Amino acid sequence: MTDAQVTDGALLAAADAIAACAYAPYSSFDVGCALLTRDGKVVEGVNVENAAYPLGICAERAAFSRAIAMGYRPGDFVAVAITASPCGGCRQWLLEMGVERVVFRNDENVVTMRPDELLPESFTAADLR
Ligand code: THU
């Protein structure tokens, strides 16, 4: 499969489908995320909550963690689809991972933005030097 074969609509459909696997007993807010890698793989993630609330992990971070463990690295991601608007912390991850575009549901709309638009004036590795 090449990335040309996975449209943003198909990627969002994958995120919608995987959201059913979310573990969100506390918020009942199921989130799905699907990453499209440059070599055409779709890597999915869901939010996983915990009784100790702050320990829960967002769908985006679950998906990226999975992809990293598969050997993917920042710059390997063409697009990311999310069933919800990404939280502030996940916007920082989207930026770190060098994603080209982020497609997400926001109320009735499907929005497409770049990570630097989602998180302007951000803190990056360059600031550490
Ligand atoms: N959530 C995500 O998975 N991704 C986001 O970007 C927004 C929030 C999850 C975290 C928590 O499990 C639930 O949505 C409610 O905040």
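Which residue has a backbone N or O atom 2.9 Å from an oxygen atom of the ligand? Select cysteine 87 to see one such backbone atom. Taken alone, the ligand exposes 370 Å², of which the protein buries 77% (Shrake-Rupley accessible areas, 1.4 Å probe).

A word on what you have open: this is a predicted model, with local features needing pLDDT of at least 70, side-chain atom pairs counting only at pLDDT 80 or more, and totals for chains, interfaces and linings using all residues. Residues are numbered from 1 along each chain as its sequence is written, and side-chain values use heavy atoms, leaving out hydrogens and water.

Next, pick alanine 59, where a backbone N or O atom is 2.9 Å from a ligand oxygen. Then move to asparagine 47: here a side-chain N or O atom lies 2.9 Å from an oxygen of the ligand.

Now show what surrounds the ligand: Ser27, Phe29, Val31, Asn47, Glu49, Cys58, Ala59, Glu60, Ser85, Pro86 and Cys87 (a heavy atom within 4 Å).

About 230 Å³ of space lies in the largest pocket. Of its 19 lining residues, Phe29, Val31, Asn47, Glu49 and Cys58 are the closest to its centre (a pocket is an open set of points on a 1 Å grid over the protein atoms alone, where a 1.4 Å probe fits, with protein on both sides within 12 Å along at least five of seven lines; lining residues have an atom within 4 Å of a point).

How values were computed:
Polar contact = N/O pair within 3.5 Å; in protein donor to acceptor, adjacent residues only side chain to side chain. Points joined across faces, edges and corners; volume = space filled by probe spheres on them.
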